[in-house]
Amino acid sequence: MERFDILIAGAGVTGCMIARELSRYQLTVCLLDKANDVATGATKANSGIVHGGFDPEPDTLKAKLNVEGSEMMEQVAKELGVKYKRNGSLVIGFNEEDEKSFDYYVGPSAKEEQEVIRPNTILSIIFGLFKELFALLFG
Ligand SMILES: Cc1cc2nc3c(=O)[nH]c(=O)nc-3n(C[C@H](O)[C@H](O)[C@H](O)COP(=O)(O)OP(=O)(O)OC[C@H]3O[C@@H](n4cnc5c(N)ncnc54)[C@H](O)[C@@H]3O)c2cc1C
């Protein structure tokens with residue numbers, strides 16, 4: 001029977017990143033997955049943006065790690081030779097009530113990273129996007 005110092009269950013981005021981190025130490029690590037390949041779960045089929053860190057409930061461990069993980073991404077992608085573009089994301093508010101909810105999304109820890117922008121700036125972002133567009137599928 002083979003023995004390992006550490007067994008990681010699940011080879012999605014979380015398990016793989018833990019395995020990568022542990023590979024820096026003198027440890028034998030086993031990464032197990034119930035599927036027949038790595039990244040067959042949520043990691044395989046998400047929207048493909050790296051969250052800016054404002055989604056989880058503020059001041060939770062998840063919120064903290066979300067921000068830290070997002071900040072790590074550029075360097076990690078460079079080290080792994082993976083193309084990465086920090087394209088960001090927009091949360092849209094249609095009224096003052098919506099804008100108040102931005103505080104909830106951002107939370108104090110990530111507040112400096114986020115910016116509330118007004119229609120003129122939003123329009124220039126959208127027009128900037130249009131310059132890069134080639135085709136749209138509408139259905
Ligand atoms: C529709 C959707 C869109 C998303 N869009 C984004 C996005 O744009 N940006 C973003 O940053 N995040 C996004 N996310 C979230 C992101 O995809 C997940 O947070 C991330 O992929 C989770 O990775 P994970 O390794 O924790 O889980 P998973 O990728 O699900 O990996 C878990 C692994 O564990 C394995 N497993 C389960 N049970 C066992 C077991 N008993 N034994 C062994 N192996 C087991 C599974 O086979 C799987 O491979 C999205 C999620 C969804 C669902």
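**Exercise 1. Determine what share of the 139 residues in the protein is buried.**

Solution. A residue counts as buried if 20 or more other C-beta atoms lie within 10 Å of its own, as exposed if 12 or fewer do, and as partly exposed in between, with C-beta atoms placed from the backbone. By this rule, buried residues make up 7% of the 139 residues in the protein. The model is a predicted one: local features need pLDDT of at least 70, side-chain atom pairs count only at pLDDT 80 or more, and totals for chains, interfaces and linings use all residues. Residue numbers start from 1 along each chain as its sequence is written.

**Exercise 2. List the elements of the protein in order and describe how S1 and S2 are joined.**

Solution. Helices (H or I, at least four residues) and strands (E, at least two) are DSSP runs, numbered from the N terminus. The protein has 4 helices and 2 strands, and from the N terminus on the order is β-α-β-α-α-α. Next, take the strands, which pair if DSSP finds at least two bridges between them. Strand S1 (residues 6–9) runs parallel to S2, and 4 bridges join them. One of the residues involved is Ile 8, whose bridge partner in S2 is Leu 31. Finally, S1, H1 and S2 make a right-handed β-α-β unit; right-handed means that, with the strands pointing away from the viewer, the path from the first strand over the helix to the second runs clockwise.

**Exercise 3. Locate Ile 49 and decide whether it is buried or exposed.**

Solution. Ile 49 sits in the loop between strand S2 (29–32) and helix H2 (61–80). Count the other C-beta atoms within 10 Å of Ile 49: there are 11, so Ile 49 is exposed. Then look for contacts, meaning C-beta atoms, placed from the backbone, within 7 Å. Leaving aside neighbours within four places in sequence, Ile 49 is in contact with Asn 87 and Ser 89. Ser 89 is 40 residues apart from Ile 49 along the chain, and their C-alpha atoms are separated by 8.0 Å.

**Exercise 4. Check the span of helix H4 (residues 119–132) and count its buried residues.**

Solution. The expected span is 1.5 Å times one less than the number of residues. For the 14 residues of H4 this gives 20 Å, and the end C-alpha atoms are 20 Å apart, which agrees. The number of buried residues in H4 is 0, so H4 lies largely in the open.

Terms used:
Two residues are in contact if their C-beta atoms, placed from the backbone, lie within 7 Å.
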